[in-house]
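Here is a friendly walk through some helix packing, ring contacts and backbone details. Have the coordinates open in your viewer as you read.

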Amino acid sequence: MPALRTRSRRIFALVYLLFLLGFGIGYISITPPFEGFDETAHYSSVREIADTGKIPLLGKSFLDQSIVDYRGPIRYDTGSPPFDRGLVYPKFFARPELVAHYLQYYRQPGPHIAYRASTQSNWQAQHPPLYYLLLGQVLPWLDGLSFTAQFFVLRLISFALAVGGVAFGLAAVNQPDSPPERNPAVIGFALYPLVLPMFFPAFARLGNDSLCLLLAGVAAWLLSSWLKDDRSPGKAVAIGVVLGLGLLTKAFFLPITVALGIFLAIRLWRDGKSPTLGERLRSTAYLFLAAVLVGGGWYAYKLVTYGDLTGAEDAVQLARQGGIVAGFERHFSLFQLVRGALMPLASYQWIGTWSVTRLPEIYQVPMAALAGWIVIAYARQLARRPLGDPAWLPVWMFALFLAGLFWHTVTYIALYGLGSTGGWYLHILMPWAAPALGLGIASIVAYRRARPVFAALLIYAFAFHAFALWAQVALFTGCATKGDNKYYVFSGNALCFDQTSLIMDRLAVLGYPVLAILGFSLGLACLAWSLLQIGRGVADASLSAPARP
């Protein structure tokens with residue numbers, strides 16, 4: 001029996017990870033180069049390290065000239081209309097000579113063009129260098145490929161890092177005595193991409209968030225073991241090293257590390273009379289000392305050089321313009337403040353890609369209702385657990401993370417009068433968020449009458465994701481455009497479904513439609529199998545322990 005359960009867990013995990021990988025390949029295959037958030041700057045940082053061996057530094061690093069000279073289609077603008085000031089997709093496909101040049105220059109292997117600094121500042125040089133150092137070692141091996149193939153491989157490596165983080169997160173919630181389909185945390189992982197489909201665009205792109213998720217997953221895996229015996233200095237140091245590597249990847253590991261510190265402090269405080277308190281304090285100190293020794297030097301450098309702990313581009317710029325008070329005197333808007341506070345929550349669930357084109361908000365209301373229902377159910381479960389229970393850790397993670405995103409909103413209002421902060425970054429917390437999601441879902445499906453409503457909302461979430469994906473494909477191929485209200489504007493009355501042949505032809509110029517079909521097909525098959533197993537697990541659990549009415 002134990003051997004069968006082990007095999008069952010491994011099969012479930014493998015199929016689930018194939019679902020993520022399949023959908024990731026699908027997204028990568030349909031998304032044009034530089035359509036992912038900040039991909040121009042991320043690619044430039046990788047290219048700069050690969051060709052010069054120098055770490056990009058804010059104020060001293062500039063976008064690669066080849067990116068500035070890029071003659072392919074570019075994303076729609078954000079902010080204020082008109083959004084099609086650049087060479088957006090319909091303009092590109094309306095000019096056959098540009099399409100022909102793209103096929104010859106970007107779809108075929110060509111000579112290596114080394115990094116050349118342009119006059120445009122690389123704003124992503126604000127970040128620590130670990131992700132760029134890693135991909136910078138890979139990039140020279142890809143120079144024999146076409147630009148689009150090279151971009152595809154770099155994205156695939158990034159997405160694979162993210163899937164690796166999910167795998168470690170799954171291992172962290174492993175319960176040897178429970179089949180995966182009855183483990184609430186595993187169910188949370190399985191349903192996470194349905195409830196929060198922004199997971200895929202967030203990681204199917206070039207960007208250091210993928211390495212953040214990998215390191216977060218490893219940290220969650222090590223932490224799950226260490227919390228069973230937090231006197232072990234070896235495991236504590238290992239966790240600290242991983243957190244330190246996270247600090248060398250992105251400043252988002254500052255709130256993650258502080259949140260873990262708060263959680264561990266509460267555990268120690270509640271067990272203040274434990275005879276092993278001294279050993280546990282010592283082990284905890286080793287954890288944070290290791291994190292500071294590995295990753296702290298970068299932030300000391302930032303503080304000395306820029307006068308700011310993170311050295312973020314917007315914080316440095318705001319300081320040069322007189323600070324928050326002076327910025328608010330020029331730009332403060334209560335509407336933008338409220339909008340900026342809510343935007344991370346909405347964009348955590350869905351916002352698409354860098355063109356930021358959206359469906360009418362009314363279509364996302366059932367999605368928000370589903371997520372809100374799960375959060376409320378999770379909160380009700382927390383009320384029955386002590387503060388030292390690991391189920392509380394995601395609360396501290398999200399509270400500090402959201403506080404950081406809100407501060408970014410405040411900074412942006414002071415600089416530009418615009419309350420705009422992306423919530424897709426929250427997906428790097430998936431190793432802790434998914435088990436919390438599962439705890440809420442398990443509470444919901446324990447009520448027989450709630451199950452049909454919950455299932456209906458899940459089906460709606462899948463349909464929303466499918467249509468949003470189609471709308472993105474239509475946008476990338478010029479069949480749909482971004483209207484002045486930021487909504488998709490489809491040509492004709494059939495939502496572009498009558499132009500599938502044209503869409504496939506144009507998609508073959510910018511991406512890989514056959515790979516996309518294969519990837520999404522694999523993902524759908526694996527998702528269907530996973531949901532079937534979960535459904536059977538819920539039914540079996542109801543038979544052994546009757547559900548509440």
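The axes of α2 and helix α7 (residues 147-172) come within 13 Å and cross at roughly 95°. Here axes are lines fitted to C-alpha atoms, for helices over the stretch in contact, and angles run from 0 to 180 degrees between N-to-C directions. The helices α2 and α7 are therefore roughly perpendicular to each other; angles of 65 to 115 degrees get that word, while those under 35 count as roughly parallel, those over 145 as roughly antiparallel and the rest as oblique. On the α2 side the contact is made by Glu39, Tyr43 and Arg47, and on the α7 side by Phe147, Gln150, Phe151, Leu154 and Arg155, where contact means heavy atoms within 4.5 Å. By class, the contact of α2 with α7 has four nonpolar, one polar and three charged residues. In this scheme Ala, Val, Leu, Ile, Met, Phe, Trp, Tyr, Cys and Pro count as nonpolar, Asp, Glu, Lys and Arg as charged, and the others, Gly among them, as polar.

A word on the ground rules: this is a predicted model, in which local features need pLDDT of at least 70 and side-chain atom pairs count only at pLDDT 80 or more, while totals for chains, interfaces and linings use all residues. Residues are numbered from 1 along each chain as its sequence is written, and side-chain values use heavy atoms, with hydrogens and water left out. Helices (H or I, at least four residues) and strands (E, at least two) are DSSP runs, numbered from the N terminus.

Now for another helix pair. The axes of helix α11 (residues 233-247) and helix α12 (residues 253-270) come within 8 Å and cross at roughly 150°. That makes α11 roughly antiparallel to α12. Ile239, Leu243, Gly246 and Leu247 in α11 meet Phe253, Leu254, Ile256, Thr257 and Leu260 in α12. The class count for α11 with α12 is seven nonpolar, two polar and no charged residues.

Next come the rings. How many aromatic pairs does the count give? It comes to 46 aromatic pairs, with rings of Phe, Tyr and Trp (its six-membered ring) pairing if their centres lie within 6.5 Å; planes under 30 degrees apart count as stacked, over 60 as edge-to-face and the rest as tilted. Two of these pairs are set out below.

| Pair | Centre to centre | Angle between planes | Class |
|---|---|---|---|
| Phenylalanine 34 and tyrosine 43 | 6.1 Å | 70° | edge-to-face |
| Tryptophan 424 and tyrosine 425 | 5.2 Å | 40° | tilted |

Phenylalanine 34 and tyrosine 43 are both buried, that is, under 20% relative accessible area, with exposed meaning over 50% and partly exposed in between (1.4 Å probe, protein chains only). Tryptophan 424 and tyrosine 425 are buried too. Ring pairs also link Tyr16, Phe19, Phe23, Tyr27, Phe159, Tyr192, Phe199, Phe200, Phe203 and Phe520 into a cluster.

Some rings have a charge over them, which requires NZ of Lys or CZ of Arg within 6 Å of the ring centre and within 35 degrees of the ring normal. Arginine 107 lies over the face of tyrosine 512, at 4.6 Å from the ring centre. Lysine 482 has its charged end over the ring of phenylalanine 83, 4.3 Å from its centre.

The backbone has details to check as well. Proline 81 and proline 82 are joined by a cis peptide bond, with omega about 0°, and proline 82 is placed in the loop between α3 (65-68) and α4 (89-93). Where does aspartate 38 sit? Aspartate 38 is in the loop between α1 (2-30) and α2 (39-52). Its phi is near 60°, a positive value in a residue other than glycine, and aspartate 38 is buried at 13% relative accessible area. Cysteine 496 has a phi near 70°, also positive in a residue other than glycine. Cysteine 496 belongs to the loop between β4 (488-490) and α21 (500-510) and is buried, with a relative accessible area of 0%.

Finally, two residues with their surroundings. Leucine 387 lies in the loop between α17 (365-382) and α18 (393-416) and is partly exposed at 33% relative accessibility. Not counting residues up to four places away in sequence, leucine 387 touches Phe263, Ile266, Arg270 and Trp392. Alanine 508, in helix α21, is partly exposed, with a relative accessible area of 34%. Leaving aside neighbours within four places in sequence, alanine 508 is in contact with Arg107 and Pro513.
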